[in-house]
Amino acid sequence: MDLTYTPGQQAFRADVRAWMAANVPAHKLKSYDTREGFEEHRAWERTLNEGRYAMITWPEILGGRGANLIEWLIFEEEYYRAGAPGRVNQNGIFLLGPTLMEYGTPEQKARFLPRMAAGEDIWAQGWSEPGAGSDMAAIRTKAVRDGDHYVINGQKTWSTRAAFADWCFGLFRTDPNSERHHGMSFILLPLDTPGITRRPIPQLDGEPGFAELFFDDVRVPVENRLGGEGEGWNIAMATAGFERGLMLRSPARFQETAKRLVTLYRRHQAKVSPAVGEAVLKAWMDAEAYCLNTYMTASRLMAGGKIGQEASLNKIFWSELDRSMHETALSILGARAELLANGVDDPDEATRWLKGFLFSLAGPIYAGTNEIQRNVIAERLLKLPR
């Protein structure tokens with residue numbers, strides 16, 4: 001594995017760095033889990049699109065730059081280095097976008113991807129249901145064919161960004177007599193369709209990062225189905241592979257967190273246990289290891305490989321790394337951390353660590369719980385008996 005960047009890759013990095021320096025907002029945007037912050041982040045997506053940086057791996061005709069995955073990793077490193085805003089459309093550009101590239105018709109790609117890149121359509125995901133959390137094979141919401149439409153009835157829950165998003169993608173049971181992973185289809189639908197009711201779900205910090213979606217005789221054109229009828233499970237597994245194995249959590253996110261953790265440790269080193277120093281060192285090494293593993297995955301995909309069940313290993317690693325780094329930061333800040341967040345001594349940094357810690361607690365749950373991922377590893381990678 002050659003880790004030396006080519007002159008072309010170095011020039012690309014310089015271009016991204018210069019663009020970020022000129023365009024990243026000088027002030028911090030409000031949380032995208034509020035209506036005002038959501039629209040601020042939508043405006044940032046439009047700015048990225050104007051620079052053709054919204055999703056650089058897509059073809060130019062669809063709003064991208066035709067970049068390869070190594071260039072995407074370089075872009076991500078510069079993005080996090082610049083402290084650019086979070087991506088409010090991550091469900092679209094990182095999950096649905098690659099899935100549309102692989103399974104969408106030319107008409108669907110032309111219809112959805114440019115608007116996604118421009119931030120015109122912000123996407124929510126509709127996987128979980130009451131009684132079917134990480135076990136997507138237990139999904140019961142039905143989409144019954146009626147001529148050129150499906151009529152959807154049922155409920156989704158824990159739908160990320162659904163409180164304010166424009167569109168939703170999800171799995172729906174199109175064969176009412178089917179069981180488990182058979183008879184489901186992958187359907188895209190606008191969230192302002194008559195018959196849809198959304199009920200925001202507050203997170204630990206009180207902001208509505210999720211929503212429940214209720215479907216009462218919701219009519220969706222058949223042309224909004226991605227792939228063939230009944231093929232939804234395999235398509236959804238491809239989406240989950242992008243989510244767990246590569247796109248959702250690029251290594252730059254954790255490398256920047258590790259750098260902040262080292263800075264925090266150095267500032268408080270005289271007051272904390274030497275054992276904390278070991279935890280900081282481990283966090284740094286784990287972030288670098290995750291980076292190298294991701295570069296290896298990207299190289300394998302560029303050589304024609306596919307993301308497989310090893311994505312479950314990846315998901316467990318990055319979710320536990322994120323939680324570990326934030327726990328270490330709080331151990332450095334000590335019992336006064338919550339007071340620091342309320343306005344005493346470097347409040348912004350303390351608040352950031354506290355909010356990050358609360359979010360990191362969700363990491364082992366979203367994108368498929370780590371318990372489910374361990375089952376996948378045991379049964380499909382290690383071939384252990386049930």
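Reader: What area do domain 1 and domain 3 bury between them, and what share of it is on carbon and sulfur atoms?
Author: In this predicted model, the chain is divided into domain 1 (7-87), domain 2 (123-230) and domain 3 (249-381). The contact between domain 1 and domain 3 takes 10 residues from domain 1 and 13 residues from domain 3. The area buried between domain 1 and domain 3 is about 970 Å², and the share on carbon and sulfur atoms is 74%.

Reader: What distance separates the centres of domain 1 and domain 3?
Author: Domain 1 covers 7-87 and domain 3 covers 249-381. Taken over C-alpha atoms, their centres are separated by 22 Å.

Reader: Are helix 8 and helix 9 roughly parallel or antiparallel to each other?
Author: Helix 8 (residues 274-302) and helix 9 (residues 311-333) have axes 10 Å apart and pack at an angle of about 155°. Angles over 145 degrees count as roughly antiparallel. Helix 8 and helix 9 are therefore roughly antiparallel.

Reader: How many residues of each class are in the contact of helix 8 with helix 9?
Author: The crossing of these two helices is left-handed. Helix 8 contributes residues including Val276, Ala279, Asp286 and Tyr290, and helix 9 contributes residues including Phe317, Trp318, Leu321 and Met325. By class, the contact of helix 8 with helix 9 has one charged, four polar and 11 nonpolar residues.

Reader: How are helix 4 and helix 5 oriented to each other, roughly parallel or antiparallel?
Author: Helix 4 (residues 90-103) and helix 5 (residues 106-117) cross at roughly 160°, and their axes come within 10 Å. The cut-off for roughly antiparallel is an angle over 145 degrees. Helix 4 and helix 5 are therefore roughly antiparallel.

Reader: Which residues in helix 5 meet helix 4?
Author: Helix 4 passes helix 5 in a left-handed crossing. From helix 4, the contact uses Gly92, Ile93, Leu96, Gly97, Leu100 and Met101. The contact as a whole divides into seven nonpolar, three polar and one charged residues. On the helix 5 side, the residues are Gln108, Lys109, Phe112, Leu113 and Met116.

Reader: Is the crossing of helix 1 and helix 3 left-handed or right-handed?
Author: The axes of helix 1 (residues 7-23) and helix 3 (residues 69-81) come within 9 Å and cross at roughly 35°. The crossing of helix 1 past helix 3 is right-handed.

Reader: How many charged residues are in the contact of helix 1 with helix 3?
Author: Among the residues that meet are Arg13 and Arg17 in helix 1, with Glu71, Glu77, Glu78 and Arg81 in helix 3. The contact also has seven nonpolar residues and one polar residue. The number of charged residues is six.

Note on methods. Residues are numbered from 1 along each chain as its sequence is written. This is a predicted model: local features need pLDDT of at least 70, side-chain atom pairs count only at pLDDT 80 or more; totals for chains, interfaces and linings use all residues. Side-chain values use heavy atoms; hydrogens and water are left out. Axes are lines fitted to C-alpha atoms, for helices over the stretch in contact, and angles run from 0 to 180 degrees between N-to-C directions. Helices (H or I, at least four residues) and strands (E, at least two) are DSSP runs, numbered from the N terminus. Angles under 35 degrees count as roughly parallel, over 145 as roughly antiparallel, 65 to 115 as roughly perpendicular and the rest as oblique. A crossing is left-handed if the near helix is turned anticlockwise from the far one by less than a right angle, and right-handed if clockwise. Contact means heavy atoms within 4.5 Å. Ala, Val, Leu, Ile, Met, Phe, Trp, Tyr, Cys and Pro count as nonpolar, Asp, Glu, Lys and Arg as charged, and the others, Gly among them, as polar. Domain bounds come from an automatic or database domain assignment. Buried area is the accessible area (1.4 Å probe) that two parts lose on being put together, summed over both.
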